[in-house]
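Hi,

Here is the structure I promised to pass on.

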Amino acid sequence: MPPDPETAASRVIDAARLDDLRALLGDALDDILRIWLNDAPAFLAVARRARQAGEPDTLIKAIHGVKGSAGNVGAIELSELARTLEKHLKGADPALDLDAELSRLDACYNRAACHIRLLIRP
């Protein structure tokens with residue numbers, strides 16, 4: 001049986017973190033979330049370009065950016081995946097399927113973005 005939508009969302013987004021941010025920032029949180037929705041794909045694009053160009057330092061910096069920015073907006077699934085990937089990259093894990101992991105990051109971003117769009121107040 002698939003998880004209910006609320007349980008599934010709790011694996012993607014830290015609702016408590018966003019509630020705390022909403023209490024602290026008010027409507028400014030919506031602007032921050034919109035900026036994240038626009039900026040996060042750029043980190044992912046830099047990671048892909050760095051992969052293709054064989055630039056491991058740039059790749060690690062881009063993944064680090066994904067990790068931090070996702071954590072800041074409560075996108076916990078994306079942040080955790082980026083954290084794990086960053087660890088494997090720094091350790092030069094030979095078993096790492098980098099293309100598959102970058103695709104997983106894209107999918108995690110899409111899930112997080114979907115949930116975050118629903119939380120932004122008009």
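A word on naming before anything else: helices are DSSP runs of H or I with at least four residues, strands are runs of E with at least two, and both are numbered from the N terminus. Residues are numbered from 1 along each chain as its sequence is written. Please keep in mind that this is a predicted model, where local features need pLDDT of at least 70, side-chain atom pairs count only at pLDDT 80 or more, and totals for chains, interfaces and linings use all residues, while side-chain values use heavy atoms, with hydrogens and water left out.

Let's begin with A15, which sits in helix α2. With a relative accessible area of 47%, A15 is partly exposed (buried means under 20%, exposed over 50%, partly exposed in between, using a 1.4 Å probe and protein chains only). A15 is 60 residues from A75 in sequence, yet their C-alpha atoms are 9.1 Å apart.

Next, helix α3. It covers residues 28-53, and its end C-alpha atoms are 38 Å apart, which agrees with the 38 Å that its 26 residues should span at 1.5 Å a residue (the expected span is 1.5 Å times one less than the number of residues). There is a kink of about 30° at L37, shortly before the proline P41; the bend is the angle between axes fitted to the seven residues ending there and the seven starting there. The buried residues of α3, including W36, L37 and L44, pack against α2, α4, α5 and α6. Following α3 comes G54, with a positive phi near 70°.

E86 is in helix α5 and counts as buried because its relative accessibility is 4%. Leaving aside residues up to four places away in sequence, E86 touches I60, I63, H64 and K67, where contact means heavy atoms within 4.5 Å.

Finally, the largest pocket has a volume of about 170 Å³. Of the 13 residues lining it, P56, L59, L89, L96 and L98 are the closest to its centre. (On a 1 Å grid over the protein atoms alone, a pocket is an open set of points where a 1.4 Å probe fits, with protein on both sides within 12 Å along at least five of seven lines; lining residues have an atom within 4 Å of a point. The volume is the space filled by probe spheres set on the points, which are joined across faces, edges and corners.) The largest share of the lining, 3 residues, comes from α4.

Cheers
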